[in-house]
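Let's take a guided walk through a protein fold together. Keep the picture open while you read, and look up each part as it is named.

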Amino acid sequence: MCGIVGFVGHEEAAPILLEGLSRLEYRGYDSAGIAVYGQEDGLQVYKAKGRLKALCDLVDNGAAVHGTVGLGHTRWATHGQPSDLNSHPHVSQSGRIAVVHNGIIENYLTLRQRLQARGIHFVSETDTEVVAQLVDYYYKDDIMDAVVKALSQVEGSYALGILCIDCPDQIIAARKDGPLVLGYGDGCNFLASDVTAVIEHTRDVSYMEDGEIAVLTADSIKVYDSLLNPVEKEHFTVDWEISAAEKGGYEHFMIKEIMEQPDALRKCLFPRIKNHKVVLEDLSLDEEYIRSLHKIDIVACGSSYHVGMVSKYFLESLLRIPVEVSLASEFRYCDPIVDEHTLVIVISQSGETADTLAALRQAKKLGARTLGVVNVVGSSIAKECDDVLYTWAGPEIAVATTKAYSTQLGVLYLLGLHFADVLGRLSPDRYDTLVRQLLLLPSCLEQVLEQKENIQYLAFHYFNHESIFFIGRNIDYAMGLEGSLKLKEISYIHSEAYAAGELKHGTISLIEPGTLVVALATYGKLFDKTMSNIVEVKSRGADIIALTTEEHTAAMESQASGIILVPELDPMFMPSLAVVPLQLFAYYVALNRGCDIDKPRNLAKSVTVE
């Protein structure tokens, strides 16, 4: 959600800023802008509503803007409609201060009214302009002092980049509950909300912590705490190639990332299985603690929440410990019952999801042990959790997650097997069978991906439906939630997933002739019951696409207009296989409808505000 990039060095800043912003387009935005300071031209600000191309055209891809220090921003509207005026950067009334901001200033109205009473005129509807005006209000001759005083008045979340025309060789950055990355170059330095924006220029990065303020010049980056005491930052080396954040010949990032899932799972699973035993070396949870557990809470949003829903079924089956799955936005406000005997697992691709981060902090205050499942090293959730297991999925650019979902599920499989082993819940033969099947997952996924032409054919026949329903039982129902979400995210078709056993309790009234129902029937124990539900909706005129295993093909042929087959593994692992056809179906439906697949409307990759 929103993107920040900053550069200070000896080269022209504008082309570098625009290139960095182009790598942040996946985060979701509705306008873009840059502010560049040049010795001859002073502070130059250019902003444009719409896609980044509008801004690039405005500044001739940066050639029209001269200066070696600058900030860029892609905005996702919260306060004020998308417009050139509301776009970032925002400049103070005097023209001395320019600011870009991710987050929300919660007390902006109070601050705005206070500043207006002192004669300061605002030109935008945004909360961000308050920061620019407030810093300028406090600025006398010490910009750092002004920033500290301004931030002491601000309530809410922020990742800030600040330029001052009296300090034309530096950028000031500040963070509270919003990610900011510092990039260390040769004769230049970088600021970004995501390492993707700077990876072409440097692999040497550090991550700002809450309350820190940084001063970037061409030759150094100095970081301070809120009292302006110097802070030594740990440096990290980005170990993935820039090609991982490029399309590599695919039409969209989403299809590229769908196809990358077998390799992503190999990287997630294989290093953690040694001599056919799950070994989680990064986990500090000892056997005594695992045996003391009374409950597991899984807290997440969106697709990560659906990972939790699937995980509940197999974790409870493996461990015989109650597992509760909560939306992070609900967990925060439901007065949750957790204590020192509760493990709270928080799942987030970015590690910066605002509601999930707040839920994590609440769980810790209540005494729970916390475990993060995230993809981004150095992210807020990774740092604040007692333990963290990284998914190692590599960069995921498309807004609609695919390989992050698969690798999050992979981590939960590993965790479940590890806990079951410690608790003695599995016989040696059963444990060995499950580990062997887990190692087969990537190759089985490759078999599923070989069916993409069949799925593309089905999508072509059904892309013009305005409502599509998913039904399933048990783990199939949990998987259907993700299939439905993928479809609505990128194709804008109304879609819902229902527990098939609940059809008679109201939802079957939605079925009419021509309604498309995607029936998930991979869970063998309940196949016959699911078939009864399929017959029910078919008798009311529904068209059926069935997702099942080869042994059930004959039973399905009399009911389904189309059949998608997946290899059969233990029921615990079937969601990892079955979710891929649902991802492909959503992709090809959206493709046929002409949708902007990688950047669906109104959505952002990383939701860093409430």
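The report below starts with the sheet, moves on to helices, and ends with charged pairs and a loop residue. Please remember that this is a predicted model.

**The sheet**

Begin with the strands. An open sheet is built from 8 strands, and reading across it gives the order β3-β2-β4-β1-β10-β9-β11-β15. The pairing in this sheet is antiparallel. At the edges you will find β3 (42-49) and β15 (236-237), each of which pairs on one side only.

Now look at β10 (189-192), which has β1 and β9 beside it in the strand order. With β1, β10 pairs in the antiparallel sense over 4 bridges, and V5 stands opposite A192 of β10. With β9, β10 again pairs in the antiparallel sense over 4 bridges; here G183 is the residue opposite F190. The hairpin of β9 and β10 has 4 residues between the strands, and G187 takes a positive phi near 75 degrees there.

Where do the side chains go? In a regular strand, side chains alternate between the two faces of the sheet. In β10, N189 and L191 point one way while F190 and A192 point the other way. All of these residues are buried.

Strand β9 (residues 181-184) contains V181. With a relative accessibility of 5%, V181 counts as buried, because the limit for that label is under 20%. Which residues does V181 touch, not counting residues up to four places away in sequence? They are F190, L191, A192, D194, V195, V205, S206 and Y207. V181 and S193 are 12 residues apart along the chain, yet their C-alpha atoms are separated by 5.8 Å.

Further along, 2 bridges join β11 (residues 204-207) to β15, and these strands run antiparallel. In this pair, V205 stands opposite F236.

**Helices**

Helix α1 (residues 13-22) lies across β1 (3-8), β2 (31-38), β4 (69-75) and β10, and runs at about 155 degrees to β2. Why is α1 largely enclosed by the rest of the structure? The reason is that 8 of its 10 residues are buried. These are A13, A14, I16, L17, L18, E19, G20 and L21. The buried residues of α1 pack against β1, β2, α2 (52-58), β4 and β10.

Two other helices meet each other: the axes of α4 (residues 128-138) and α5 (residues 143-153) come within 8 Å and cross at roughly 125 degrees. That angle makes α4 oblique to α5. The crossing is right-handed. On the α4 side, the contact is made by L134, V135 and Y138. The α5 side brings in I143, A146, V147, K149, A150 and Q153.

**Charged pairs**

Side chains of opposite charge can pair when their charged atoms come close. How many salt bridges are there in this model? The count comes to 32. Here are some of them:

| Salt bridge | Closest N and O atoms |
|---|---|
| R23 and E200 | 3.0 Å |
| R266 and D263 | 3.0 Å |

R23 is buried, with a relative accessible area of 15%, whereas E200 is partly exposed at 46% relative accessibility.

R266 and D263 are both in helix α7 (residues 261-269); they are 3 residues apart, so about one helical turn separates them. R266 is partly exposed at 22% relative accessibility, and D263 is partly exposed with a relative accessible area of 47%.

As for D297 and K295, both are buried. Elsewhere, salt bridges that share partners join R175, K176, D177, D210, R361 and E384 into one network.

**A residue in a loop**

Our last stop is Q170, in the loop between β7 (156-164) and β8 (171-176). Is Q170 buried or exposed? Its relative accessible area is 16%, so Q170 is buried. Leaving aside neighbours within four places in sequence, Q170 is in contact with V69, I143, I162, L163, V215, L216 and T217.

Note on methods:
Residues are numbered from 1 along each chain as its sequence is written. This is a predicted model: local features need pLDDT of at least 70, side-chain atom pairs count only at pLDDT 80 or more; totals for chains, interfaces and linings use all residues. Side-chain values use heavy atoms; hydrogens and water are left out. Two strands pair if DSSP finds at least two bridges between them. Contact means heavy atoms within 4.5 Å. Axes are lines fitted to C-alpha atoms, for helices over the stretch in contact, and angles run from 0 to 180 degrees between N-to-C directions. Buried means under 20% relative accessible area, exposed over 50%, partly exposed in between (1.4 Å probe, protein chains only). A salt bridge is a side-chain nitrogen of Lys or Arg within 4 Å of a carboxyl oxygen of Asp or Glu. Angles under 35 degrees count as roughly parallel, over 145 as roughly antiparallel, 65 to 115 as roughly perpendicular and the rest as oblique. A crossing is left-handed if the near helix is turned anticlockwise from the far one by less than a right angle, and right-handed if clockwise.
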